[in-house]
Amino acid sequence: MEPQEINVGIDTSSKQLDISVRPTGQFFSVTNDKDGIKDAIKRLQPLKPKRVLIESTGRLELEFVCAAHKAGLPIVVCNPSQVRNFAKSAGRLAKTGKLDAVDIAHFGEAMKPRLSSIKSEKLRNISDLLVVRSQCLEMSTMQKNRLKRMPKSVHKPIQSILKAIKKELEVIDKQPDKLVSSIAEWRQKRDLLLSAKGVGNVLAYTLMSELPELGKLNRKEIAALVGIAPMNRDSGSFQGKRYIRGGRHRVRTVLFVSIMSAIQCHPKLKPMYKRLVDAGKPKKVALIACMRKQLTILNTMVKNNTYWDENMA
């Protein structure tokens with residue numbers, strides 16, 4: 001008989017990791033800190049699991065993921081909504097830390113998701129800087145809106161906040177350049193992306209840090225991964241309206257901002273956008289189509305290691 005495949009499910013909270021081992025039924029909890037994570041890895045390594053599955057919870061799982069990857073454990077970072085839908089389909093409506101860990105392990109055994117690629121520390125730093133940059137821009141927009149609505153008596157502190165945010169943005173914008181410039185392979189990839197029309201530093205660094213699969217998948221796969229591929233909603237003779245859904249929202253957001261500028265001057269995307277709108281397509285649908293075209297171009301450039309060529313695009 002073949003040995004049983006071991007799947008480990010981990011439910012994450014700010015203070016605790018609940019760990020379930022399937023099919024042995026073993027369960028234990030550790031604190032979500034360096035000592036607890038070290039203890040968990042020490043107990044999991046002898047089991048030689050096929051997968052160690054943990055939900056993506058907005059950084060609460062990051063320390064464990066990095067430590068487990070370093071220790072050689074096969075890590076899978078799961079989409080929480082997929083795991084929850086799987087649990088409901090299996091008839092599980094109750095929700096606790098222990099039950100969630102059991103469901104995550106069951107999900108791994110049944111669905112056999114592929115292992116997650118873990119970004120290097122420098123790429124994680126770039127990603128974090130871009131998140132902080134986005135937050136600073138949001139705060140800047142909020143303060144500018146307040147400046148328009150509030151009386152002049154409170155303009156001075158608002159202007160001081162805007163000045164501080166601007167200063168921080170200038171500092172943040174320099175740091176990704178230093179991180180990327182330290183590695184020749186990253187410099188080449190950045191220069192390749194920046195050679196394309198409509199691509200600036202923010203989009204290039206976002207693609208490098210948030211979409212490492214760029215250049216490794218085909219055009220349909222990369223579009224679906226970002227969440228800009230139209231999904232069918234058909235049943236029998238009924239043909240529903242296509243929608244985009246899911247995907248990596250950070251990449252999609254930055255790509256959308258980039259395309260708003262590209263449709264004004266891009267030699268390929270500008271006429272494409274105009275052609276779609278003239279054909280009666282809603283403007284948002286035309287924008288998404290242009291985003292998909294831009295991503296396809298960049299994916300092909302990275303895959304073939306070729307710089308921008310207007311004729312080939």
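Contact here means heavy atoms within 4.5 Å. By that criterion, and not counting residues up to four places away in sequence, Gly 9 touches Asp 18, Ile 19, Ser 20, Leu 53, Ala 101, Ile 104 and Ala 105. The structure is a predicted model, in which local features need pLDDT of at least 70, side-chain atom pairs count only at pLDDT 80 or more, and totals for chains, interfaces and linings use all residues. Residues are numbered from 1 along each chain as its sequence is written, and side-chain values use heavy atoms, with hydrogens and water left out.

- Helices (H or I, at least four residues) and strands (E, at least two) are DSSP runs, numbered from the N terminus.
- Strand β1 (residues 7–12) is antiparallel to β2, with six bridges between them; strands count as paired if DSSP finds at least two bridges between them.
- A three-residue hairpin connects β1 to β2, and Asp 11 stands opposite Asp 18 in β2.
- β2 also runs antiparallel to strand β3 (residues 27–31), joined to β3 by five bridges.
- Ile 19 has Phe 28 as its bridge partner in β3.
- The hairpin of β2 and β3 has four residues between the strands, and Gly 25 there takes a positive phi near 85°.
- Pro 23 lies in the loop between β2 and β3, and the peptide bond joining Arg 22 and Pro 23 is cis, with omega about 15°.
- Of the seven residues of strand β2 (residues 16–22), five are buried, where buried means under 20% relative accessible area, exposed over 50%, and partly exposed in between (1.4 Å probe, protein chains only).

- Gly 9 belongs to strand β1 and counts as buried because its relative accessibility is 0%.
- Its C-alpha atom is 3.9 Å from that of Ala 105, although Gly 9 and Ala 105 are 96 residues apart along the chain.
- Asp 100, in helix α4, counts as buried because its relative accessibility is 8%.

**Nonpolar cores**

- A nonpolar core is a set of buried Ala, Val, Leu, Ile, Met, Phe, Trp, Tyr and Cys residues joined through side-chain atoms within 4.5 Å.
- The largest such core has 49 residues, and Leu 193, Leu 207 and Leu 295 have the most contacts inside it.
- Elements that each supply at least two residues of this core include α5 (121–149), α6 (155–181), α10 (249–265) and α12 (283–304).
- The largest share of this core comes from α12, with eleven residues.
- Beyond its neighbours within four places in sequence, Leu 207 is in contact with Leu 193, Pro 212, Leu 214, Val 251, Leu 295 and Leu 298.
- A second, separate core has 19 residues, among them Ile 19, Ala 40, Ile 41 and Ile 75.

**Pockets**

- On a 1 Å grid over the protein atoms alone, a pocket is an open set of points where a 1.4 Å probe fits, with protein on both sides within 12 Å along at least five of seven lines; lining residues have an atom within 4 Å of a point.
- Grid points are joined across faces, edges and corners, and a volume is the space filled by probe spheres set on the points.
- The largest pocket has a volume of about 2,000 Å³.
- Its lining has 44 residues, and Ser 56, Val 77, Cys 78, Ser 116 and Arg 248 lie nearest its centre.
- α5 gives the most to this lining of the largest pocket, with six residues.
- By class, the lining of the largest pocket has 20 nonpolar, twelve polar and twelve charged residues; Ala, Val, Leu, Ile, Met, Phe, Trp, Tyr, Cys and Pro count as nonpolar, Asp, Glu, Lys and Arg as charged, and the others, Gly among them, as polar.
- The second largest pocket has a volume of about 520 Å³.
- Of the 21 residues lining the second largest pocket, Leu 130, Ser 134, Val 202, Thr 253 and Val 254 lie nearest its centre.
- α5 supplies the largest share of the lining of the second largest pocket, eight residues.

- Lys 112, in the loop between α4 and α5, has a positive phi of about 50° although it is not a glycine.
- Asn 305, in the segment after α12, has a positive phi near 55° and counts as partly exposed because its relative accessibility is 44%.
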